[in-house]
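Here are my notes for a first look at this model. Have it open as you read through the points.

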Amino acid sequence: MATRTGIGVDVHPLAENRALVLGGVKIPHTHGLAGHSDGDVLVHAIIDAILGAAGLGDIGTHFPPGDEQYRGIDSTILLTRTVEIIAEENWRVQYVDATILAERPKLHSYNSEIRATLARSMRLSDGLVSVKATTTDGLGFMGRGEGI
């Protein structure tokens, strides 16, 4: 089997009256991420990377944002389904390395839980998932706290 690498990017604006969910983990914060699902940008980017590496389109192709069955859905459910979709085409995830760009909140203390949740959703060991967080040093919409 060939090895392929995928790249995924996702951005959502911060919104009031929403839970902040990153990597399937609820993070205490004043705002959450707007979106049709739970708005989990980390999971959405990983899904796009996986689907792209397998040559199977993107998250919107498989889980359309206008489809009511996905309204408010836990994005890790979509991640597990994505792994099943690529398995049907004889692909599998071998390793995931992801970076979250967010000015606030600080995410370091949630790293282990996020990694474990992602790994479980993809049926990988924790050691095969890497998650990092960084800021934009106050630059742009992320630096102004408008989105992640």
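1. A word on angles to begin with: under 35 degrees counts as roughly parallel, over 145 as roughly antiparallel, 65 to 115 as roughly perpendicular, and the rest as oblique. Helix α1 (residues 41-53) and helix α4 (residues 111-122) have axes that come within 12 Å and cross at roughly 40°, so the two are oblique to each other. The axes are lines fitted to C-alpha atoms over the stretch in contact, with angles running from 0 to 180 degrees between N-to-C directions. Helices are DSSP runs (H or I, at least four residues), and strands are too (E, at least two), numbered from the N terminus.

2. Bear in mind that this is a predicted model: local features need pLDDT of at least 70, side-chain atom pairs count only at pLDDT 80 or more, and totals for chains, interfaces and linings use all residues. Residues are numbered from 1 along each chain as its sequence is written, and side-chain values use heavy atoms, leaving out hydrogens and water.

3. Now look at Val41, in helix α1. Val41 is buried at 5% relative accessible area (buried is under 20%, exposed over 50%, partly exposed in between, with a 1.4 Å probe and protein chains only). Asp10 sits 31 residues away from Val41 in sequence, yet their C-alpha atoms are 5.3 Å apart.

4. Lastly, Arg123 and Glu84 form a salt bridge, with the closest N and O atoms 3.5 Å apart (the cut-off is a Lys or Arg side-chain nitrogen within 4 Å of an Asp or Glu carboxyl oxygen). Arg123 is exposed at 55%, while Glu84 is partly exposed at 31%.
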